[in-house]
Amino acid sequence: MRRKKIALVVMASGFGKRYGTNKLLEFFCGKKLYQYVLELVADSEASPIIVVTRFQEIKEYILNHYPEIQVVWNTHPESGISESLRLGLNAAGEVDGCCFMVCDQPLFKKESLSNLLQKFQENSYSIIACNDGIRRGNPVIFPYQFLGELMELTGDQGGRQVILRHKEKLLEIAVYPEELMDIDCVADKYEMERRLENNKIHEVIK
């Protein structure tokens, strides 16, 4: 059976209003926050891999370290999440599905991303999401038939809107709760670092 072509779009254009500064450029456990997701996706089976950003540092870092990753410049970040979705999908071309990731979940594991991509290979007409037993979270893979609906979203509407319309198509993989923890404010960053120092997560970042 033909393997499905899965594009992977990393959305790195946010304003980080709750954080107060550009959180993606902040250090977390010795590396800048955005570097974690780049390491993760570069080692995945997804293709093409696209990063939608408005930050010159991220663009230059990718060009210097991950030339295989395509950078798409977001000239209208004020248009919200939907703009990043459209830019990523336009750059992806003809694919069987598209996986969307964010940059502020540094504890998300390589194994979980691999499981997510494999689940789509086995269920390529389903929406594949992550769930920690309490909540659903990113990353999420949308099959080809729903990409048009994603293109039609506006403002800060994201893929959740499409999931709600097609709940019967949703499948989920299990992940640890810390993998879905995101850094929205400075307190979140300190709490994650504290848990890492005290080994209060399943696997300390190497």
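Student: Which residues lie nearest the centre of the largest pocket?
Tutor: This is a predicted model: local features need pLDDT of at least 70, side-chain atom pairs count only at pLDDT 80 or more, and totals for chains, interfaces and linings use all residues. Residues are numbered from 1 along each chain as its sequence is written, and side-chain values use heavy atoms, leaving out hydrogens and water. The lining takes in 38 residues (on a 1 Å grid over the protein atoms alone, a cavity is a set of points where a 1.4 Å probe fits but cannot get out, a pocket is an open set with protein on both sides within 12 Å along at least five of seven lines, and lining residues have an atom within 4 Å of a point). Nearest the centre of the largest pocket are M11, I81, V102, D104 and N138.

Student: Which element gives the most to the lining of the largest pocket?
Tutor: Helices (H or I, at least four residues) and strands (E, at least two) are DSSP runs numbered from the N terminus. Those giving two or more residues to this lining are β1, α3 (81–92), β6, β8 and α6 (160–165). With five residues, the element that gives the most is β8.

Student: Which cis peptide bond involves N138?
Tutor: Most peptide bonds are trans. Here omega is near 0 degrees, and the proline concerned, P139, sits in strand β8. The cis bond runs from N138 to P139.

Student: How many residues of helix α1 are buried?
Tutor: Buried means under 20% relative accessible area, exposed over 50%, and partly exposed in between (1.4 Å probe, protein chains only). In α1 (residues 33–42), the buried residues are L33, Y34, Q35, Y36, V37, L38, L40 and V41. Of its 10 residues, the number buried is eight.

Student: What do the buried residues of α4 pack against?
Tutor: Those residues are S112, L113, L116, L117, F120 and Q121. Their packing is judged by contact, meaning heavy atoms within 4.5 Å. The partners are β1 (6–12), α1, β6 (97–102), β7 (127–131), β8 (136–143) and β9 (170–174).

Student: How far apart are the polar atoms that join the side chains of D96 and R2?
Tutor: D96 belongs to the loop between α3 and β6, and beyond four places in sequence D96 touches R2, R3, K4, K5, F120, P143 and Y144. A polar contact is a pair of N or O atoms within 3.5 Å; within protein, one must be able to donate a hydrogen and the other to accept it, and residues adjacent in sequence count only if both atoms are side-chain atoms. A polar atom of the D96 side chain also lies 2.6 Å from the backbone nitrogen of K5. For the side chains of D96 and R2, the distance is 3.0 Å.

Student: Why does M181 count as buried?
Tutor: M181 is in the loop between β9 and α7 (186–197). Leaving aside neighbours within four places in sequence, M181 has contacts with D104, Q105, P106, R135, M192 and R195. M181 counts as buried because its relative accessibility is 16%.

Student: Why is C29 classed as partly exposed?
Tutor: C29 is in the loop between β2 (27–28) and β3 (31–32), with a positive phi near 50 degrees. C29 counts as partly exposed because its relative accessibility is 39%.
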